[in-house]
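Colleague: I am new to this structure. Please walk me through how to read it.

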Amino acid sequence: MPYREQIPVDKGIDNTVKLLLEGYNYITNRRNKFGRDIFETRILGGKKAICIAGEEAVKTFYDEDKLIRKGAAPKRLRQTLFGEHAIQTMDGDNHRHRKELFMSLMTKERLDDISSLLESHLENAVDKWEKQKMVVVYNDMVQLLTKVACAWAGIPLDDKAVFRRATQLEAMFDSAGALGLRHWKGRISRNSAEVWLRELIGQVRNGKVNANKDSALYKMSWYQDKNGEVLNEQIVAVELLNILRPIVAVSVYITFEALALYENPQEKDKLRTEGFEYAELFVREVRRYYPFFPLLTAKVREDFLWNGHDFRKGNLVLLDLYGTNHHPDIWEKPYTFNPERFRDREESFYNFIPQGGGDYYRGHRCPGEWLTIELMKVVLEFLISKVEYVVPKQDLRYSMIRIPSIPGSRFVIIDVKRI
Ligand code: HEM
């Protein structure tokens, strides 16, 4: 008989409010209290959920025989962040087939294309920024990345429409952990963006719009699923938004990148002297250190026993992303910002998971991770060697409850000058 052990329990009939009030630290706080990387809770109307963290937990979370995604993501997230019937909610062969579509967009050539697009948009932005009294980095990056994302994905975007589409794309990820008004803004934005893209996909299919064969617009419009059928226009719209929205969301990491340079001024000299190789380490550390998505959800496929703990069919499982990226067994001084920790580090699919873990092609790991890194490197080089600026006094604090987190001032710079 395998041995069985009681899982510690966070008592309460529904701890959703505690989860919302403690945000990124909800799981870590209880792991510290129980002295364990596993505990049970109840959320979302009293559903039983097992919270796990650490490298072994990540391996289990990405074991398809044990966990599935169908029915795991709360409806509120599907209504705002993901959309209905998106890749995030699929399993098995159907998921793998659609994942190949996403990965086929991430070739070296296409990553170079998006880097060049961002470089030239930044280049143009400096002319404007030099004349402005101040620049709010996050706000300007949301606008700029909306243009970059659409251009890269092959989606026509009129100058007059940039602000509206940028506001919608931002609202979709900004509502990820929100209740009330922010949640509704996300929902309304998603509905309106889906209508916009459905129409465009229809025009690609009836030949009224000519899309470049390498573009996401073309590939997704004509993608055939495992059964050889094209997807309906609504699902293509959802998956196109799964490209546009997260590219715009890279603005959050870019804002943290600017903050990291400001909070650690010695890093600028290192980046200037060591260049490319150190930029890689720096970008990794920004993604590890600062909060973005706190956790992931999955469901138990069939009963299994893990480290002596019972996982019952249908139980929710929450993987602590933020906590695993700060886990003391994996990271030395996890709450210190130190890109050097990534030098000569042996990385596995399971021990550094800001954008999920496991294999890109087989599992749900973020297909946009390389693209995110490329965009962050372009901005880093720009901030280090293309412009000078002053960071005035402002509220740079970021919340550990608001999801996604972002510095209060959205990072203001003044006196921008081209070098
Ligand atoms: C802002 C930076 C980003 C962060 C923090 C981020 C984070 C994540 C996380 C945590 C997941 C879930 C992994 C899982 O469920 O196991 C994910 C999945 C996904 N991401 Fe990203 N991501 C980012 C950028 C991107 C970009 C730039 C793209 C596309 C261009 C993208 C497209 C996706 C898609 C389509 C999925 C679903 C994959 C699947 O279910 O197989 N993400 N991302």
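**The ligand shell**

Modeller: By class, the shell around the ligand holds 18 nonpolar, nine polar and two charged residues. Nonpolar here covers Ala, Val, Leu, Ile, Met, Phe, Trp, Tyr, Cys and Pro; charged covers Asp, Glu, Lys and Arg; the others, Gly among them, count as polar. This is a predicted model: local features need pLDDT of at least 70, side-chain atom pairs count only at pLDDT 80 or more, and totals for chains, interfaces and linings use all residues. Residues are numbered from 1 along each chain as its sequence is written, and side-chain values use heavy atoms, with hydrogens and water left out.

Colleague: Which residues around the ligand come nearest?

Modeller: A residue is near a molecule or strand if one of its heavy atoms lies within 4 Å of it. Of the 29 residues around the ligand, Tyr62, Arg69, His95, His364 and Cys366 come nearest.

Colleague: How do I read the iron atom? What is its donor from the protein?

Modeller: Donors are N, O and S atoms within 2.8 Å of the metal (3.2 Å for Na, K and Ca); water is not among the atoms, so sites may look incomplete. The iron atom of the ligand has a single donor from the protein, SG of Cys366, at 2.3 Å. Cys366 sits in the loop between helix H14 (321-324) and H15.

Colleague: And polar contacts?

Modeller: A polar contact is a pair of N or O atoms within 3.5 Å; within protein, one must be able to donate a hydrogen and the other to accept it, and residues adjacent in sequence count only if both atoms are side-chain atoms. The side chain of Tyr62 has an N or O atom 2.4 Å from an oxygen atom of the ligand. For His95, a polar side-chain atom is 2.7 Å from a ligand oxygen atom. For Gln355, a polar side-chain atom is 3.4 Å from a ligand nitrogen atom.

**The sheets**

Colleague: How do I read a sheet?

Modeller: Strands of a sheet pair through backbone hydrogen bonds, either parallel or antiparallel. Two strands pair if DSSP finds at least two bridges between them.

Colleague: In which sense do E1 and E2 pair, parallel or antiparallel?

Modeller: Antiparallel, over six bridges. Glu40 has Ile50 in E2 as its bridge partner. Their hairpin has three residues between the strands, and Leu44 there takes a positive phi near 50°. E2 and E8, in turn, pair in the parallel sense over four bridges. Cys51 stands opposite Leu318 in E8.

Colleague: Where is the three-stranded sheet's edge?

Modeller: That open sheet has the order E4-E10-E9, and its pairing is antiparallel. Strand E4 (134-136) and strand E9 (387-390) are the edge strands, each pairing on one side only.

Colleague: Which helix lies across E4 and E10?

Modeller: Helix H7 (residues 137-153), running at about 65° to E4. Contact means heavy atoms within 4.5 Å. Axes are lines fitted to C-alpha atoms, for helices over the stretch in contact, and angles run from 0 to 180 degrees between N-to-C directions.

Definitions and conventions. Helix = DSSP H or I, 4+ residues; strand = E, 2+ residues; numbered from the N terminus.
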